[in-house]
Every structure is written in structure tokens, then in C-alpha cells.
Amino acid sequence: TKERPRLSVFRSNVNIYAQIIDDTEGKTLASASSLGLKQKMSGKEKAEKVGEMIAQKALQLGIKKVVFDRGGFKYGGRIKILAETARKQGLEF
């Protein structure tokens with residue numbers, strides 16, 4: 001809903017992506033990915049950085065509460081790191 005959009009996460013072998021989506025309108029409100037990171041980082045470091053970026057973008061838009069969609073991936077590893085980092089930055093889910 002508009003009050004509580006969906007935080008969707010996808011990971012590939014190399015990169016990790018996060019989007020905040022308003023499903024009522026079918027629009028992506030904010031997105032972040034590890035594609036634009038210039039530095040060489042481990043997968044866990046990339047997940048942490050993407051978690052920070054998506055949380056900052058959401059808070060700039062006034063979004064504090066989201067529903068977490070892990071996209072069928074197990075809640076562990078890079079998915080868990082991204083989620084915990086986003087929570088530390090102020091997102092609630």
C-alpha cells in the first residue's frame with residue numbers, strides 16, 4: 001500500500017539489488033544496487049552498502065515502514081545483511 005510499500009530484494013552471483021515498490025500503482029519509488037559501486041568489495045560489503053543506500057533513499061521520500069520481500073531467497077547471508085543494515089538506518093519491517 002502507499003502507507004507500507006514493498007522492499008523487494010534480488011541477488012545474483014555477483015550483485016545485489018533492492019527496490020521499494022508501491023504495488024497499488026505499480027511504480028518503483030526508490031532503487032539501489034551494487035552495479036554502480038566502483039570499489040572492489042566482497043558480497044557482504046556490497047549488501048551492507050546497498051542496505052544503507054536504499055534506507056537513505058526511502059527516508060528521503062518519507063517512507064519509514066515497508067514490507068520485506070526476500071524474493072524466494074533464504075533469509076541469510078547477503079539478504080540478511082541488507083535487511084539488518086536497512087533496519088539500523090531507520091527502516092521498519
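This report covers strand pairing and aromatic contacts in a predicted model.

**Strands**

Strand S1 spans residues 6–11 and strand S2 spans residues 16–22; the two pair in the antiparallel sense over 6 bridges. Arg11 has Ile16 in S2 as its bridge partner. S1 also pairs with S4, here in the parallel sense and over 3 bridges. In that pairing Arg6 stands opposite Val67 of S4.

**Aromatic pairs**

A pair of aromatic rings is described by the distance of the centres and the angle of the planes. The model holds 4 aromatic pairs.

| Pair | Centre to centre | Angle between planes | Class |
|---|---|---|---|
| Phe68 and Tyr75 | 6.3 Å | 90° | edge-to-face |
| Phe68 and Phe93 | 5.0 Å | 15° | stacked |

The pair of Phe68 and Phe93 counts as stacked because its planes stand at 15°, where the cut-off for stacking is under 30 degrees. Phe68 lies in strand S4 (residues 67–69), whereas Phe93 lies in the segment after helix H2 (77–89), so their pair ties together parts that are 25 residues apart in sequence.

Tyr75 is partly exposed, with a relative accessible area of 37%. Phe93 is also partly exposed, at a relative accessible area of 24%.

A further group of rings is the aromatic cluster formed by Phe10, Tyr17 and Phe73. With S1 covering residues 6–11 and S2 covering residues 16–22, Phe10 falls in S1 and Tyr17 in S2.

Note on methods: Residues numbered from 1 in each chain as written. Predicted model: local features only at pLDDT ≥ 70, side-chain atom pairs only at ≥ 80, totals over all residues. Heavy atoms only, no water. Phe/Tyr/Trp six-rings, centres within 6.5 Å; stacked < 30°, edge-to-face > 60°. Buried < 20%, exposed > 50% of the residue type's maximum accessible area, 1.4 Å probe, protein only. Helix = DSSP H or I, 4+ residues; strand = E, 2+ residues; numbered from the N terminus. Pairing = 2+ DSSP bridges.
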